[in-house]
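This briefing sets out the main features of the model shown below. The points are grouped by topic for use beside the sequence.

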Amino acid sequence: MYEIIVSLLIINFFGMLSPGPDMMLVLKYGSLSAKRAAWYCVGGIISGLAVHIMLGLFGISFLISSNPMLFNVVRWFGAGYLIYIGIKSLRAGQSDIAVDTSSLDFSPRKAYLDGLLCNLLNPKILMFMVAVFSQVIAPETPTSDKLLISLSIFLETAVLWSCFIILLNRGSLKQMLNRYQDKINKATGGLLITLGGFIGLSN
């Protein structure tokens, strides 16, 4: 069992290193002077992962992936949402964020929901959970082992995202993100639109 957990953690680690919608979104919020923005976004991403894990535990992820109509609905909604937030990023430009928390130009609720929906509607996460719970874990695997695997993936993901935000908030890097926020918004917006188009058109 521990060999399986280590293998899954390695796969999850390298999967998170590859630039995807979640990372682009966190990078966008990380460029704001409001340090909490990225944390709220990551909170949404981690919550989305928790939902994916629960769906995997109960076999719902496998049902969705095995039903072309349901899977396409999730895929198209995910693609549409990525394109939507990508367009919003392109139009955002340079946001002048004040230090005073009462005038921060970002909504914690919006940052959280962006992260939540971006993760929930990501077909890559859905297929990863299907692979974990249908290919790696056998039907006779004890519930305790399934919970241990799920908790390990969840904790690793939460720790890695936390490390990523801490890195983004380091002095020199934070100043660079603030200085080039306009370019970051445009770059991440373009990448999100591209990813959305790729997801929408892929089979």
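The predicted model holds one aromatic pair. Its partners are Trp161 and Phe164, whose ring centres lie 5.9 Å apart with planes at 70°; because that angle is over 60 degrees, the pair counts as edge-to-face.

**Trp161 and helix 8**
- Trp161 and Phe164 are three residues apart in helix 8, about one turn of the helix.
- Trp161 has a relative accessible area of 6%, so this residue is classed as buried, the limit being under 20%.
- Beyond four places in sequence, Trp161 touches Met16, Asp22, Met23, Val26, Val42, Ile45 and Ile46.
- An unreviewed UniProt entry annotates residues 6-27, 39-63, 116-137 and 149-169 as "transmembrane region".
- Over residues 149-169, the chain is 95% helix and 0% strand, with the end C-alpha atoms 31 Å apart.

**Helix 2**
- Helix 2 is mostly covered, with nine of its 10 residues buried.
- The buried residues of helix 2 are Pro21, Asp22, Met23, Met24, Leu25, Val26, Lys28, Tyr29 and Gly30.
- Among them, Asp22, Met23 and Val26 are touched by Trp161.

**Cysteines**
- The whole structure contains zero disulfides.
- For Cys41, the nearest cysteine sulfur is that of Cys118, 7.3 Å away; a disulfide requires the sulfur atoms to be within 2.5 Å, so Cys41 is in none.
- Cys41 is buried, with a relative accessible area of 0%, whereas Cys163 is partly exposed, at 45%.

**Confidence**
- The protein chain averages a pLDDT of 76, and 77% of the residues score at least 70.
- Over residues 94-104, pLDDT stays under 50; the model has 17 contacts beyond four places in sequence for this stretch.

Technical notes
Residues numbered from 1 in each chain as written. Predicted model: local features only at pLDDT ≥ 70, side-chain atom pairs only at ≥ 80, totals over all residues. Heavy atoms only, no water. pLDDT = per-residue confidence, 0-100. Contact = heavy atoms within 4.5 Å. Buried < 20%, exposed > 50% of the residue type's maximum accessible area, 1.4 Å probe, protein only. UniProt positions renumbered as here; feature names shortened; annotations may be inferred. Helix = DSSP H or I, 4+ residues; strand = E, 2+ residues; numbered from the N terminus. Phe/Tyr/Trp six-rings, centres within 6.5 Å; stacked < 30°, edge-to-face > 60°.
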